[in-house]
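I opened this entry to look up how the chains are arranged and how they touch. My notes follow the order in which I checked things.

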4 protein chains.
Amino acid sequence: MKKVRIGVIGAGRIGRMHAENLVFRVPEAEVVAVSDLRLEAAQACAAALGLAGAHKDHRPILDDKKIDAVLVCSSTDTHSLLIEEAAAAGKHIFCEKPIDFELARIDRALAAVKKAGVKLQIGFNRRFDHNFKRIRQAVAGGEIGKPWMLRITSRDPAPPPIEYVKVSGGIFLDMMIHDFDMARFLIGSEVEEVYTLAGVMVDPAIGKAGDLDTAIVSLKFANGVIGTIDNCRQAVFGYDQRAEVLGSQGMAATENDRPNTARISTARTVSEDLPLNFFLERYTESYVNEMKSFIRSVTEGRETEVGGLDGRMPVVIGKAARLSYDLKRPVKLSEIK
Amino acid sequence: MKKVRIGVIGAGRIGRMHAENLVFRVPEAEVVAVSDLRLEAAQACAAALGLAGAHKDHRPILDDKKIDAVLVCSSTDTHSLLIEEAAAAGKHIFCEKPIDFELARIDRALAAVKKAGVKLQIGFNRRFDHNFKRIRQAVAGGEIGKPWMLRITSRDPAPPPIEYVKVSGGIFLDMMIHDFDMARFLIGSEVEEVYTLAGVMVDPAIGKAGDLDTAIVSLKFANGVIGTIDNCRQAVFGYDQRAEVLGSQGMAATENDRPNTARISTARTVSEDLPLNFFLERYTESYVNEMKSFIRSVTEGRETEVGGLDGRMPVVIGKAARLSYDLKRPVKLSEIK
Amino acid sequence: MKKVRIGVIGAGRIGRMHAENLVFRVPEAEVVAVSDLRLEAAQACAAALGLAGAHKDHRPILDDKKIDAVLVCSSTDTHSLLIEEAAAAGKHIFCEKPIDFELARIDRALAAVKKAGVKLQIGFNRRFDHNFKRIRQAVAGGEIGKPWMLRITSRDPAPPPIEYVKVSGGIFLDMMIHDFDMARFLIGSEVEEVYTLAGVMVDPAIGKAGDLDTAIVSLKFANGVIGTIDNCRQAVFGYDQRAEVLGSQGMAATENDRPNTARISTARTVSEDLPLNFFLERYTESYVNEMKSFIRSVTEGRETEVGGLDGRMPVVIGKAARLSYDLKRPVKLSEIK
Amino acid sequence: MKKVRIGVIGAGRIGRMHAENLVFRVPEAEVVAVSDLRLEAAQACAAALGLAGAHKDHRPILDDKKIDAVLVCSSTDTHSLLIEEAAAAGKHIFCEKPIDFELARIDRALAAVKKAGVKLQIGFNRRFDHNFKRIRQAVAGGEIGKPWMLRITSRDPAPPPIEYVKVSGGIFLDMMIHDFDMARFLIGSEVEEVYTLAGVMVDPAIGKAGDLDTAIVSLKFANGVIGTIDNCRQAVFGYDQRAEVLGSQGMAATENDRPNTARISTARTVSEDLPLNFFLERYTESYVNEMKSFIRSVTEGRETEVGGLDGRMPVVIGKAARLSYDLKRPVKLSEIK
């Protein structure tokens, strides 16, 4: 079988991780080049992984006829244009979330993909996580009957630097966007309306930067399911990533992943080590699985598991969630243009 | 020590349970009489427990100078008047929840209690449950820092008969009222605003009766905490009673109680027996503990642990929750008169 | 239905607990008298529970024609003779474990019971515990196929006073005797051979008193099952009471009981409160259930659930376990005369 | 840093897995050649992993001056001679367990290693498992005080083919050998005496082949600790791999690893998916970690974490365990020559 030849655009933390996963864990792929505006980052990545090409600009990658697909791992503001360019160059595309914060730009990018007939997968890696996949399987397979209620909890161990917060797009588009995707994935229906309760509890500086750090969003789905997502920028015990669906015939719920199963009983307590601390430890395998899935979509010519609409809808929900907070009333997704 | 002499008004399921608990588990109390509009119920109860008096009317109980305190366990519509009468007779009062569905009647009852200077305890038994007490202890004792987010899940194993639903006051005043009390108890602050998402999922007949069977209420507290309560009239796996508080320094969360700790591993699954099925099994000890607490309030002359305001506020929240559903917008408690 | 009228011989901790359970929790029984060599103990018990009679000697109880059954809760050295006397007086008998440390005395007592045709139940309360009953149910009901391996763990929170150790009969007859009973109960087959590994780890004073404080006994059953029991006089985290059976079609295993289900997550650990500390908290309900079972045996005229042989065999196993330790080799039960 | 250049001897399942782990997960190593008596196996491995050399004989690997270290992954009967040859060739050696079934051959191999001054690591991968490492850390770090009792449970999902059983060395040298290593590792003291209870429960054919399929071995350690290991060739629910140490200040215990944390509650049970099924899934990361550790020993010039004595002692214990079963008495390790 011919390997899928990959170019990686953006050699930051996430781009380098995907490149490593492809090199070491996905035998069906071959990473041939990497680009980064900081050339030394591209060169370091290429050296470490034995890649043939390292570029400052992404054009050599798009111009390379032997490259089949690209990973867009550059900064968010470049995603939509890179999708357009890559699509025009006939490359299949894996793009980190979010596509963009502007719906018009997203739509232009999706139109370009459609026109070019290339594959597009968005980096909502949690769909490939063992725990959340198991809930989805229970819902889709009828193990718990018809779904009625959803609950997603998603809390970071500590807030990011305030400089990041300022350009992050805000808690709904930066952090909860993963959970909006998860909500659609688990329930298999579109969100129609949201209502947001939120506040600044972790750090006043986050509030000064115009953002919120703690939020509960209530969701109403097209199929009648109701649910909530709660986010907090700080859970001192670590990365808190759980979900639960109640249905007519039962419930499926997950707990956090732990580094080991040991329980230590002493004269004071029975205790366990803290859950896996953050996304690189917690979602390690999901990143590998999403790459495998993307590569299979290319080799098998089938739809990606997380397509363009899956990249667009969470942005719409995120905007609605913020608007609900600002207007202090429930907001329908149809209000977001 | 002189025993507290008790009269029980209402010999239905809950009245009889309290009487039994007092007789068998609370040595500091003595049940001397019981009344019930169905005289045979009062007589059966008296015979089974060896009580001296069994009456059709409650007046002999209120007129008995040797009786120190009464338990009001009759139908909800009689609670407020019985409180007024019992207070006028100088009896300490334990009253099942809710006091009433009308705030004016509640306020008249509370005024009567205040004027008479008697003790009043409302039957929010879950405050005396081992699990919820432990969360409250963690919050109040600072184990998890400043509270930020609350989640309460409360689901019944199966809906009550439709005839009961029709007179129940609706899901918010019949079922979620316990959770409104729990929310105030766990957080130690008043609820200021609610928003309700709800539907009829379990049984269309419940909808025809004008009620809802599945609901999520978002809460905003005076101290800034945000939270949710979810209720469902049917969780096929049993009584689902959990709570969780996230704070600045940690999280306290409880699981359901189980009939045993056994795990059975077979070639198909690792499984446990279902959680305790309903309130009589699940909250057995809490009912004993609330009686002990009431009796101690009387003997020690201190405030009851669940007083008149604790009886009034959940009714206000319940009315706001229903109004929010009807108006499809968040409702402040100050809107409820 | 006529109540079973009970006399309690011995008003120490365990006698008083049984009396209270009968009075408050077993409506089918009526405790009419109590005796204790320390008359004031008998009187205190009678006063607290409203019993008609309090005696120094047990004879008035045995002579009382209206008494149907007695509980033998006096010191171990008196058990066998009291069984003989009570049987001769035609009383049904509940006797605390062990019947005696001498097989000849046990056999004389059992012969007296047989001759009199009265019921005898031995106080192996753990058979009535929710967790161990569930394992037995899994084994007996075929949920895990044919049993192959057994493991029982039984550890006390702290060693008893050294004065008690000296007269206790040693770890095998005082503490592990419960587990020998449990082993027979769970597997439903007789033990044929034992091998003991043991030491003094908790406190050298226990060794000086001629006893051991930590022991593992390997068991071979008549039906081919193999297993182990481990005991330790000190588990600083509390009463450690677990069992596990592996079978051809699965495994049944229990965990310790906890005072609540709360989990507290902080920046350092995820922790739970310690297991229930000792037998009075841990086995509370089992004591009530064993009384109910005894009373039912009397009223229904059926065999008790824990009969004379069940009282004798654990003593034989305990003697074999000690002999194995002394001889440093496996010992067959047939070697114990 | 110069990479450690590796030759792999034996391209069966385990050899190929190590080679893959080195190629994809251990950047500090470079696999340059592989040999296998079945040349096509060596060639397939080399092709799949892009290795330069594929040989039928192992001599080219030992003769290659550029190769620093070898992995001995051939059949057990060749291990000791290959160690001798590799040591003579100045190669560092990683050898799969066991070194041999004959102590004389083991000793000759260890002498050769000592004389050559090369590193030797034995493939007891479980020492590198997250769960067992955590117990060892608790013991070594004093979290649970002085260790008193050990329990190891180790059960396979299903027995191997009977042809394998016949050449396996028997349950004690093939299967429980891992647990003997684990016992020494967790307690940090040598085993002095063993006693074995065992039987044929899973399959009579195993008995006809002269082996046992279910066994409990009691252990006495030099430092006074007592413990048990239980093995069974069949646990229908999957690979059952647990350990527990009780100490003077507490207990450390592990549970099985599961494929996900989901719990599914239905009207019948609350259930989880079965534990990871067998060693390749369960111990995946431990195999990577043991390779990393071996490579670090080479690059840092320090002792391996599992040395020659660690390879020899479990064989001695295994022989003693079998002898105890044959003689039906405890056996001291000093009896094994």
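How many of the interface residues of chain B are also interface residues in chain A? I get 100%, so the copies meet through the same surface.

Ground rules first. This is a predicted model, in which local features need pLDDT of at least 70 and side-chain atom pairs count only at pLDDT 80 or more, while totals for chains, interfaces and linings use all residues. Residues are numbered from 1 along each chain as its sequence is written, chains are lettered from A and ligands numbered from 1 in the order in which they are written, and side-chain values use heavy atoms, with hydrogens and water left out.

**Entry 1: chain B on chain A**

A turn of 180° with a shift of 0.0 Å along the axis gives an RMSD of 0.0 Å. That is the relation of a two-fold axis. In chain B, Arg329(B) has the C-alpha nearest the axis, 2.9 Å from it.

**Entry 2: the interface of chain B and chain A**

I looked up contacts next (heavy atoms within 4.5 Å). On chain B, 40 residues touch 40 residues of chain A. The two chains bury about 3000 Å² between them, 71% of it on carbon and sulfur atoms. Here buried area is the accessible area (1.4 Å probe) that two parts lose on being put together, summed over both. Which residues of chain B lose the most area to chain A? They are Trp148(B), Leu197(B) and Met201(B), together 21% of what that side buries.

I then counted six salt bridges between chain B and chain A. The rule asks for a side-chain nitrogen of Lys or Arg within 4 Å of a carboxyl oxygen of Asp or Glu. I noted the salt bridge of Glu244(B) with Arg155(A), where the closest N and O atoms are 3.2 Å apart. By class, the side of chain B that touches chain A has 19 nonpolar, 10 polar and 11 charged residues. In this scheme Ala, Val, Leu, Ile, Met, Phe, Trp, Tyr, Cys and Pro count as nonpolar, Asp, Glu, Lys and Arg as charged, and the others, Gly among them, as polar.

**Entry 3: chain A and chain D**

The RMSD is 0.1 Å, for a turn of 180° and a shift of 0.1 Å along the axis. Of the residues of chain A, Phe24(A) comes closest to the rotation axis, with its C-alpha at 2.2 Å.

For contacts, I find 28 residues of chain A against 28 of chain D. About 2100 Å² is buried between them, 50% of it on carbon and sulfur atoms.

I noted Arg134(D) with Asp273(A), the closest N and O atoms being 2.7 Å apart. The side of chain A that touches chain D has 11 nonpolar, 10 polar and seven charged residues.

**Entry 4: strands across chain A and chain D**

In which sense do strand 12 of chain A and strand 13 of chain D pair, parallel or antiparallel? They pair in the antiparallel sense, over four bridges. Strands are DSSP runs (E, at least two residues), numbered from the N terminus, and two of them pair if DSSP finds at least two bridges between them. Gly250(A) stands opposite Thr266(D) there.

Methods:
Least-squares fit on C-alpha atoms with pLDDT ≥ 70 in both.
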